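Q: I'm new to this one, could you put it up so we can walk through it together?
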Amino acid sequence: MEANKHRTGSVLVLGAVASEILPLVRRLVHPHRETTPFGTVWKGTLEGVRVAAAVTGIGKVNAAGAAVWLLERCRPRMVCVVGSAGAYPGAPLRIGDVLVASEVQAGDEGVWTSEGIRSMRAIGLALAHQEGLPVFGRFSLHQSPWYRWVRAVTPEGDLDTFRLRYGPLVTVGMVSGDERIALQRFSRYDAWAEDMEGSGVVQVCLHYGVPVLQCRGISNWAGTRDKARWRLEEALAHCHEVIQKWFQAGLPLESPENSIAVAGDDQA
Ligand SMILES: O=C(O)c1cccc(C(=O)CC[C@H]2O[C@@H](n3cnc4c(=O)[nH]cnc43)[C@H](O)[C@@H]2O)c1
């Protein structure tokens, strides 16, 4: 609490379904609930930081729509997407790990011909622009001061019961339905895990110039449809453990750039 006593600005946290957001809502001081066209948003404070925590609905259209609606109204200093993801077999992840996205790919966009799939970059169509430069299907997050700050306060490695990893995610409209598709996607995208919302939110945030992070607990192997083999609750609990550490470390809402060295020193 002390670290954030004089902080201004708010953080917008987005999750597709209630179970991805409620662990955070339970920690909010004086939560106030509102309804949006996309779902519910709770507003309150956490560790002295104003937070809007919203359920968006599944898929990138719902997530992007909710992001626009809330960005317009809440004007947050930064956005954080939370939830679960399916790890690709072969990726350096275990079920229960937490993956913070170093980049998010828009996995559905491109051209699909009989000869194969061509990416947005290959066909020269930009999805957005950043500092005047075209951004195709890969949104890189690792250059942002926020990403560097979270890496400093929660370094990659073993925590008590799981591992925290920083690496690439891909967002897809159709989830991998079997291991063959999951393996194909692992080699096509060079991503470690897939989700269904991330790129939609990241793309919207790029248009608004608002920094964004994505933190997901690995609940399953992509391609595994049998929910009995998923560890959703555990993955979400671990994801929220990581987010909680960021709040406790005093999210640097004004200037993450100036706080990186300090955060790094804290880990020494
Ligand atoms: O019914 C299925 O076969 C099936 C397979 C994968 C995912 C689902 C979902 O309903 C996912 C909902 C939710 O969770 C995220 N998520 C978690 N694991 C995965 C995955 O392996 N592939 C894609 N998304 C995943 C996703 O972001 C959704 O919000 C159903």
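Q: Leaving aside its neighbours within four places in sequence, which residues is Ser-199 in contact with?
A: Ser-199 is in contact with Lys-60, Val-104, Gln-105, Ala-106, Phe-139 and Thr-171 once neighbours within four places in sequence are left aside, where contact means heavy atoms within 4.5 Å. This is a predicted model in which local features need pLDDT of at least 70 and side-chain atom pairs count only at pLDDT 80 or more, while totals for chains, interfaces and linings use all residues. Residues are numbered from 1 along each chain as its sequence is written, and side-chain values use heavy atoms, with hydrogens and water left out.
Q: And is Ser-199 buried or exposed?
A: Ser-199 counts as buried because its relative accessibility is 2%, buried being under 20% relative accessible area with a 1.4 Å probe and protein chains only.
Q: Which helix is Ser-199 found in?
A: Ser-199 is found in helix α6, residues 198–208, a helix being a DSSP run (H or I) of at least four residues, numbered from the N terminus.
Q: Switching to the ligand, which residues come nearest?
A: Glu-194, Met-196, Glu-197, Asn-220 and Arg-225 come nearest, out of 17 residues around the ligand, counting those with a heavy atom within 4 Å of it.
Q: What lies 3.0 Å from an oxygen atom of the ligand?
A: That is a backbone N or O atom of Met-196, while a side-chain N or O atom of Ser-84 is 3.2 Å from an oxygen atom of the ligand.

Notes: A polar contact is a pair of N or O atoms within 3.5 Å; within protein, one must be able to donate a hydrogen and the other to accept it, and residues adjacent in sequence count only if both atoms are side-chain atoms. Helices (H or I, at least four residues) and strands (E, at least two) are DSSP runs, numbered from the N terminus. Buried means under 20% relative accessible area, exposed over 50%, partly exposed in between (1.4 Å probe, protein chains only).
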